[in-house]
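Let's walk through this structure together, one feature at a time. Have the view open beside you and follow along as we go.

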Amino acid sequence: MLLEFSAESGDFKWLEPYQSPDLTDIDVNIALNKNPPKNRESKFKEELERRKPEYTIHEPYKIYCGTWNVNLQAPGEELSLREWLATTDDAPDIYAIGLQEIDMSAETIFRGETRPDYNWIAKIMEGVHPGDNYEELTTVRLVGMMLTIVIKKSLRGSISKCFTSMVGTGTLKFGNKGGVGVSFQINETFMCFVNSHLAAHVQEYERRNEDHDEILRRMTFNDGFRSRTILEHHQIFWIGDLNYRLTKTDDEGIRTFCDYEKIFYLDQLYIQRVQDKRVFRDFQEGKVTFRPTYKYDPGTDDWDSSEKNRAPAWCDRILWKGARIEQIAYKSVMELRMSDHKPVFGVFI
């Protein structure tokens with residue numbers, strides 16, 4: 001006689017004596033038909049992932065991110081970047097230095113220049129912390145934007161899968177605006193650094209938002225087998241002249257105000273990121289306590305005195321995303337005066 005039992009109506013308590021207490025949760029689920037059977041490799045990988053905290057060691061690194069719109073100025077022989085790049089007590093392990101407007105000539109824009117500017121790279125290498133030996137890992141450039149990654153020579157063996165990418169978002173996508181990026185693996189962590197120059201002018205915050213979206217959508221790092229997007233990294237650092245301004249540009253008080261925390265609510269990036277959650281979702285930014293970094297009369301610490309009379313703004317910013325990141329410094333450097341922007345840096349563990 002054939003008897004049919006359903007899982008809903010059958011009594012399976014008689015199986016309990018046959019269940020070994022030594023079985024893992026995975027095997028119990030298989031025995032009870034809660035999950036489909038897995039091959040040995042799948043079971044091993046799942047158990048390995050579950051017990052990852054037991055065998056994972058987190059090694060701290062000090063990462064220095066810097067951004068500066070150099071306003072088309074070439075680095076003269078007398079220029080020293082030590083006041084910007086060598087400000088920490090201990091030597092950083094990794095530098096990510098983003099420059100904007102190194103060259104914005106019509107020829108450079110139409111050609112879509114991608115050759116690194118070795119004069120600026122040399123200045124960067126001269127300016128890093130003197131307490132260790134460094135080497136350039138890679139540099140990526142698109143027209144006026146350039147991103148240089150510098151590492152301690154002792155770290156070279158820990159870094160692999162280093163790739164670059166670029167996205168032009170300016171007029172006809174020529175690259176006068178957009179972003180450049182570097183991706184690499186250090187030990188088991190995938191890191192991404194992005195340097196961007198977004199649309200200008202006070203009223204164009206929506207265009208800046210669109211530039212942000214396009215860089216996120218189009219920037220990928222291809223190793224020949226797979227493409228990794230910006231957000232497919234464990235840790236991301238996004239720097240640059242993001243060009244967000246202050247909403248009340250006719251308020252003369254902004255020029256004389258010293259308590260910047262009280263006027264930061266006027267900052268368009270704060271509004272778009274924190275209040276409206278329109279851009280840089282899940283990214284973080286340190287507390288801004290420094291003076292607005294734009295716009296100055298070149299060679300001085302004075303606000304713009306030209307006919308355009310540009311209002312001050314925090315155009316130059318550093319944001320990050322990922323676990324196990326602690327920011328220990330976020331500052332601007334007033335001593336470098338050749339541009340109408342002041343350089344900014346952030347230091348992270």
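Predicted model: local features only at pLDDT ≥ 70, side-chain atom pairs only at ≥ 80, totals over all residues.

Is phenylalanine 44 buried or exposed? Phenylalanine 44 has a relative accessibility of 54%, so it counts as exposed. You can find this residue in helix 2, which spans residues 40-50. Phe44 also belongs to a group: together with Leu48 and Tyr55 it makes a nonpolar surface patch of about 320 Å².

Before going further, a word on confidence. The mean pLDDT of the protein is 90, and 87% of its residues reach 70 or more. Over residues 1-9, however, the pLDDT is below 50, and this stretch has 2 contacts in the model beyond near neighbours in sequence.

Now turn to the cysteines. How many disulfides are there? The count comes to 0 disulfides. Cysteine 65 is buried, because its relative accessibility is 0%. Cysteine 315 is buried too, with a relative accessible area of 0%.

Next come the charged pairs. Start with arginine 218 and glutamate 214, which form a salt bridge whose closest N and O atoms are 2.7 Å apart. Both residues sit in helix 7, residues 205-218, and because they are 4 residues apart there, about one helical turn separates them. The two partners have their own levels of cover: arginine 218 is partly exposed at a relative accessible area of 34%, whereas glutamate 214, at 12%, counts as buried.

Another salt bridge joins lysine 295 and aspartate 340, with 4.0 Å between the closest N and O atoms. This pair links distant parts of the chain, the two residues being 45 residues apart. Lysine 295 is in the loop between helix 9 (268-275) and strand 11 (316-322), while aspartate 340 is in the loop between strand 12 (327-332) and strand 13 (344-348). Lysine 295 has a relative accessible area of 16% and is therefore buried. Aspartate 340 counts as buried as well, at 8% relative accessibility.

Those two loops are also joined by aspartate 301 and arginine 337, a salt bridge with its closest N and O atoms 3.1 Å apart. Here too the pair links distant parts of the chain, 36 residues apart: aspartate 301 is in the loop between helix 9 and strand 11, and arginine 337 is in the loop between strand 12 and strand 13. Aspartate 301 is partly exposed, with a relative accessible area of 24%, and arginine 337 is likewise partly exposed, at 33%. Elsewhere, salt bridges that share partners bring Glu107, Arg111, Glu113 and Arg115 together into one network.

Let's look at the backbone next. Most residues other than glycine have a negative phi, and most peptide bonds are trans. With that in mind, which two residues does a cis peptide bond join? They are tyrosine 294 and lysine 295, and omega is about 0°.

Asparagine 243 has a positive phi, near 70°, in a residue other than glycine. Look for asparagine 243 in the loop between strand 10 (235-241) and helix 8 (253-256). With a relative accessible area of 3%, asparagine 243 is buried. Aspartate 282 is not a glycine either, yet its phi is positive at about 70°. This aspartate lies in the loop between helix 9 and strand 11, and with a relative accessible area of 66% it is exposed.

Our last stop is tyrosine 330, whose place is in strand 12. Why does tyrosine 330 count as buried? Its relative accessibility is 7%, and buried means under 20%. Leaving aside residues up to four places away in sequence, tyrosine 330 touches Glu285, Gly286, Lys287, Val288 and Phe290, along with Asp316, Arg317 and Ile318, and also Val344, Phe345 and Gly346. One of these partners is valine 344, which is 14 residues from tyrosine 330 along the chain. The C-alpha atoms of tyrosine 330 and valine 344 are separated by 7.5 Å.

Notes:
Residues numbered from 1 in each chain as written. Heavy atoms only, no water. Patch = residues over 30% accessible without salt bridge, like charges linked within 9 Å, V, L, I, M, F, W, Y side chains within 5 Å. Areas by Shrake-Rupley, 256 points an atom, 1.4 Å probe, with all protein chains shown as cover. Salt bridge = Lys/Arg side-chain N within 4 Å of Asp/Glu carboxyl O. Buried < 20%, exposed > 50% of the residue type's maximum accessible area, 1.4 Å probe, protein only. Disulfide = S-S within 2.5 Å. pLDDT = per-residue confidence, 0-100. Contact = heavy atoms within 4.5 Å.
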